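User: Could you take me on a close look at the cavities inside this protein? I would like to know what lines them.

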Amino acid sequence: MRFLYNARIHTQDPAQTKATALAIHNDIVEAVGSDADVLALARPGDPREDMRGRVIWPGLTDAHLHMQYYAGFLQMIDCETGTKEECLRRVAERARTAPDGAWVLGHGWNQNDWAGGFGSAADLDAVSFGHPVYLTSKSLHSAWANTAALQKAGITASTPDPAGGEIGRDASGQPDGILYESAAGLVESLLPEPGLGELAGMIEHAQSALWKMGVTGVHDFDRRACFQAMQYLAEQDRLRLRVVKSIPVELLPHAAALGLRTGFGGPFLRIGSVKLFADGALGPRTAAMIQPYEGESDYTGFLMLDAEQIVEYGQEAVRTGLSMAIHAIGDRANHEVLNAYEQLRGLEAEIGAPALRHRIEHVQVLHPDDYGRLAALNVIASMQPIHATSDMFTADRHWGSRSAGAYAWRTQLQRGAHLAFGSDAPVESPNPFWGLHAAVTRARAGGQAGSEGWYPEQRLSLQEALDGYTTGPAYAAGLENRLGRLRPGFYADLIVLESAPFDLPPAELHRVLPVATMVAGEWVWQA
């Protein structure tokens, strides 16, 4: 066995919240307690590590992340800039040295942060040096392309908008370079795909980046190629994150035909939920709302699936044993999803199936009539605290007073819903301490939103926020008896911190970083 002692261990175990030592056998916690009690179990030759008073937490799980996108983002142009001009400068810098004909790719722009709003194809043409350029927005619900990229995709003034999307057009009807929702796929389908080995290497690199932030598990919402690469890594014993892998809705018939069920898999890779999209996003104003956006007379965003359509998919999923995870941002989208889940709970009871752990991804704004329905239906609120501080000014601009019910973690917790926290990386940084800071302060790291935070009544305690990154994701994954706590019989996944976050002023939480990360009883990273 391996022994860690002289530590300040925050176990997340209500039966024993604090300890100073733990024993690990293979990949499982064997014992937790005082130095004297735990070290009494040691035999000659067992490794003993003096933690010198450092703090130990359970490993943290990001309950909503796009692993392939994040891995790719680490190699792209960072377009999250304060001005459009700085973004264009970075594009020019990359394009100037790119091989002839190579695509120039970037991610992270947000027109809401730019004085001039959206860019144009012409803006990119001026700095692209003949390369096709494709830049995804921070929300991943819109994209910005230059003329060369639009031409490669065959997008012209006569190209119809695809179902569930829109091609941005200028006053003369010509494509302006902005592609909304599914229209982005017209260009994205042309991008060179990395081979299996290359993608596996990219994900392995991203895995290392996550360890350094204290992330030991993820719920991934990317697609087939990502799943294949993760299987490849797992086969070679190179996957050292606890991954819960979603199934894209278009592959539901195949998964059902094979009889796959939520929870199938091994300790590092298991099947999660079927992923659907009910609407778009706040930034590009494609989230589906009950009432029009502020300043609009009739525009309410994009509803991609209503309750009836969701139930059609849900019936097949429930009968197979697959839970559902549905993206819903706007209050109308969330209302439709909740209506669908109410019907699916009835189906589960009718056929004698277990109540699956269905989820709503994001739950960004709810109508007051729906505040208590997630708890009543036992639907998991899979939310991203950092979205609130990133989006707060945009939410006020587009949703007005409806923002009182937006990113409402306290409301959901008080009503009895299970919270599972994540980042939506690469939409936001996957650093969970940034998420903890956002959950506790409702303010940006620079202090924007004032000392009390944005809608401060929704703030959480640090303990409540930590639950969202530990026991909450474990429950969502059906792993509450194996993951999210440091207690005997649980996975030995943990992080080591120099000082106790509970002793820090909340405004300092975003500065915390681990000094070591352990997965399955082995150190995977040490500073």
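Analyst: Here is a walk through the cavities, starting with the largest one. Please keep in mind that this is a predicted model, and that every value below was computed from it.

Searching the whole structure turns up 5 cavities of 30 Å³ or more. Let's begin with the largest cavity, which holds about 250 Å³ of space. Its lining is made up of 24 residues. If you want to find the middle of this cavity on your screen, look for S139, A281, G283, D391 and V427, the lining residues that lie nearest its centre. Helix α13, which covers residues 385-399, gives the largest share of this lining, with 4 residues. What classes of residue make up the lining of the largest cavity? Sorted by class, there are 14 polar, 6 nonpolar and 4 charged residues.

Now let's move on to the second largest cavity, with a volume of about 100 Å³. Here 15 residues form the lining, and the ones nearest the centre are R242, V244, R270, L479 and L483. Two or more lining residues come from each of these elements: β16 (242-248) and α17 (471-476). Of the elements, β16 contributes the most to this lining, namely 3 residues. By class, the lining of the second largest cavity has 10 nonpolar, 3 polar and 2 charged residues.

Conventions:
Residues are numbered from 1 along each chain as its sequence is written. This is a predicted model: local features need pLDDT of at least 70, side-chain atom pairs count only at pLDDT 80 or more; totals for chains, interfaces and linings use all residues. Side-chain values use heavy atoms; hydrogens and water are left out. On a 1 Å grid over the protein atoms alone, a cavity is a set of points where a 1.4 Å probe fits but cannot get out, and a pocket is an open set with protein on both sides within 12 Å along at least five of seven lines; lining residues have an atom within 4 Å of a point. Grid points are joined across faces, edges and corners, and a volume is the space filled by probe spheres set on the points. Ala, Val, Leu, Ile, Met, Phe, Trp, Tyr, Cys and Pro count as nonpolar, Asp, Glu, Lys and Arg as charged, and the others, Gly among them, as polar.
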